[in-house]
Amino acid sequence: MTESILIIGGGIAGINCALNASKYGIQVYLVDDTPSIGGMMARLDKTFPTNDCSICIEAPLMYEVNHQPNVEILTNTEVRRVKKGNGLFKVRLVKRARFVDEEKCTGCRACVDACPVSLPDQMDGKIGGMRKLISIAFPQAVPNAVYINPDCRFGKLRQKGACVGGCVVDCSQCRECPIALCVAACKKEGKDAVRLWQSNKNIDIEVKSIVVATGIQDAPVPSALYGYGLYDNVITNTQFERLMNAGGPTAGQIIRPSDQKHAHRIAWVQCAGRGLANGLPYCSKVCCMIATKQTIITKEHDASVETTIFYNDLKAYGKGFWGFYQKAIEKGVRYVKARPYDVFEDPITKDLTIRYEDLMTGELKKEEVELLVLSTGLIPSDRNQSLAKVLNLELDHLGFFKEKDPLFAPLETNVEGIYLCGGATGPIDISESVVQASAASMKAVLTKEVS
Amino acid sequence: MDESVRVGVFICDCGSNIAGFLNVPEVVEYARGLKGVAFADEGKWSCSVDYLARLKEAIKQHQLNRVVIASCTPRTHEPLFKQSVKEAGLNPYLLEFVSIREQVSWVHMGQPEIATQKAKDLVKMGVAKAILLEEGEEVRLPVKTDCMIIGGGIAGMTAALHIADQGFRAVLVEKDVQLGGLLNRICRVAHHHQTIPASEIARTKAALVTSHPNIKVYTNTEIETVQGYIGNYKVTIRSKEDNRRETLDISTIVVATGMREIEPVGQYGYGEDPRVITQLQLEEILIGMSKNPEPRAPCLSGRQARSELKIKDVVMINCVNSKNQSRGCCNLGCPISVKNALALKEINREIRIHILYRDLSMVKEEHFDLDQAKSEGIKFVRFPDDRYPVVTRANGNLSVHVHDILLGRELEIKSDLLVLTTAFQGDDTVEKIKGLLKVSANSDGFFQEAHVKLGPVDFPSAGIALCGCAKSPKNLKESSEEGTAAAMRVSIPMKRGYVEAEGIVADIDPTECTRCGLCYKNCPFSAIQLGDDQQPSVIKALCKGCGLCAADCPKECITIVHYSDDQLLAQVEAALEEKPGEKILGFVCHWCALGGVDMAGVSRLQYPPNGRLIRVMCSARVPVKLIERAFELGAAGVLVVGCEFPTCHYITGNYACENRMERAKKKLTKRGFDPTRLWVAWCSAADGPKFAALMREMVKQLGLS
């Protein structure tokens, strides 16, 4: 039998790890619990410090890994149970139903057009992004197949007008659905890919090693911080990233939520919530460069937009990052050393007044902007707790996966044969994730099966 | 035309995605009438398993030897059809892909007749190219399992161990007399609140390396010459001790040459006053204080310092020679200053320490070290970016004058040891090594990786990897990770036993070649070699097929398989056969521009139907003569679209294209064509709106609407 490894997480780290290991000649199971691989990078517009278009450089790798003969990509899939025996990890995976036959779906989106219900997108909701109950994760999704919001089937969305909401029969009992508009649309296209009665599927595999590449996520904004949640025009830096993305809900138009008008004065607040009760106690490393990137792109969209970054300690740590910061300054981006202490909204114009102490002069100042962007930092993924239990791994006091010996044996864990890479280890940028992914793939393929 | 050519055209309905917006049977009928076409068929879902079986059957039954697929986009579906064609016994390079969904039905939705006409044109262009297609093959170059690692610091040793653990042979070349690199010069390493003596890490790793049966270590040795390419290097090394030379057969190379401090000579009294030292010199003092009875530091005896409590006031100035016009953040200074300050406190709690900084760059866990430092009484003083501290020496006393931002006033701090946290630069061997390996480095002597984001430990040339501080300043953990990563990158070809190139490669015709050497100079991948007679030839397995060399070759003697001048010309001529005055001929690169076109399609953005697009792998493939030809044939306009800067799948192809298009405009002017009808644009794969707007604007400007 060929040797296999399991990679948990199909973001840029997992993809890279899979490509390396498969080219090395190992069978790879690449598992992701969302409907498409791609991870965080797929939703970004550009990447610092080069302003490379994110999906332009990631999508070719997504297609490449999808066409590697020795990579099996399992999306919508979770790791349920892991046991070690005979030097192998016996892994029980659960492929959650996407209610669509991935093999038959061609990604034509006829069903998406037919679906009558749109709900605010989890990620893009505040800035106007909507998602149908049947939808494709994003245009370059791999696999290129739609998925159905599971709530659609159980009458939970009846009030919202879901077409099968009124049916009294449990979908799992039916093999034909005469009501669902997506089923009809698919059949009209000559396909029959929608499977409302699809159930979860257990998949058992045996692997010699496991790489955890489950990524990282945005820190939530502490309650009502700087008016977030109260004022329309206060958004997070991830929402801003979606705003400037040509593939995002506004097709790259930087417009503010309150009136859909272009914002001409925009401010960023770095370290938003840092040190507060519900904020982060640490520096997330990448936010300064993210804000810098966002201001540069904003200026490239429209040079007349005024951009200000309120920051504390500038983190321009990597190669070329300082030059990137200088470029922003050349473009007229204003960096102000200050941590604003309050924000007020004009009830008529919905503009925002930021009050702050200028660190350089000690003066109390205020500034009015049309859109305020909060950089809240990065926190451990929601997945970490449960996955740590399944894999028997230790987490550090912040909730990131713990390395056994970061100095002598980085990326190794308390369980022999399980390795880490990317955001699973802590705040990290793309290139560092790729480095760790290559390193973890080396360790994973080198692992010996010992009983 | 070769009479034996039999083209099969397969046109997809994509359910109603294509068939709903244009007349597919009419296009099929049209295809049947085209020269060279032996068979044409309509498929409801061409990518379905049952239709693929039918396609294979048709290829065999009708003895088809060229295939044109007209359906969605090659960016997602070409591999699938290539595979099917191959399964039918045909060389996969005899397939041409025509995009009539993203480029036609989804973007011209309300105009079935116009859409049908455009689809016909695109199919005609595809058939014209298909007729001229030639078989291609993946090219393999054997690679054995001997890897040379240059540099025996933590990155190099880690790389060597991982390579050797696979049973491959690792040759580790270190210029110094001992392994360990910078670890030999620092006192201890801190991470996640634990500290380990650096010497312990260096010793442990070096012992593993020297005792490994698959690792051969050469210390006190330098590299003299490197010749060849992946799988085929001849490397001469020379022992600095006895001048003995040895020539090695090497398959792959890992560069791990490390870095050094930039000595701040003349700044703050450094070099004049022995009490002004760098962090690295402080580390040496700390080593002396901690165990070595013989002080190793040149300026100050550690033992003396401890016993006589000579040091009372330490001031550290961070960001010396960093974060200025020429250089960025050193990435390490803040944690190093905090670590060393804590070490001093551990030796003597009475020492007063001030760390003068601009921004404190302490990430995640490091942040908690900062808390500890503050609780130990270490003082942090933040000074303005444009007002560095000033050091004065009067009556033998060192004194530092600094503006404290947070207090908002000037401070005068007494000091009997001033430690400068200085910036780093690449090793002094970088200049030589970069020449030997034909790779590049920046002005600070740090090597340039293949891609900042996705190729962080690769060089553009296959078979050479980069890791550790040779790339940019790194801490121990990062260097060690990079060493492991670099080991993986060079192990892939060694494990496979070969490197392979796709069939799309360059081929030089030596009979026409004048040996000008332009192609050799311009190849971004060092895939062209010069023979003893200066005759260039392509190392096919290293060629990525961008076509930059072919487009610039003054003798036009370079052919790119699957994208030859003849094939592209056939597409140009087919596109402009009818009503050229209404048409815009476009060249789009496969990776980004075509992605933008596809995105416009997926988003159903409607734009004028005047464009006829030709896919090239890179915008650098487009030669001036094809543009001229298009205008000769009466094209209303020509559009060349490549990746948005700085993205380029072939490193710098779009830059080359930009320069060439300037030349093209001059040439067009000379020949009496209006150069403003040649449009050059850059479009990312996510930017459908940009491409749609571009088409609208161009149609408007050219007066076509």
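Author: Contact between chains means heavy atoms within 4.5 Å. By that rule, chain A contributes 80 residues and chain B 87 residues. This is a predicted model, in which local features need pLDDT of at least 70, side-chain atom pairs count only at pLDDT 80 or more, and totals for chains, interfaces and linings use all residues. Residues are numbered from 1 along each chain as its sequence is written, chains are lettered from A in the order in which they are written, and side-chain values use heavy atoms, without hydrogens and water.

Reader: What makes Glu403(A) and Lys477(B) a salt bridge?

Author: A salt bridge requires a side-chain nitrogen of Lys or Arg within 4 Å of a carboxyl oxygen of Asp or Glu. The closest N and O atoms of Glu403(A) and Lys477(B) are 2.6 Å apart, so the pair meets the 4 Å limit. The count between chain A and chain B is five salt bridges.

Reader: How do you know what area is buried between chain A and chain B?

Author: Buried area is the accessible area (1.4 Å probe) that two parts lose on being put together, summed over both. For chain A and chain B the value is about 7000 Å², with 61% from carbon and sulfur atoms. In chain A, Lys319(A), Leu407(A) and Phe408(A) lose the most area to chain B, together 12% of what that side buries.
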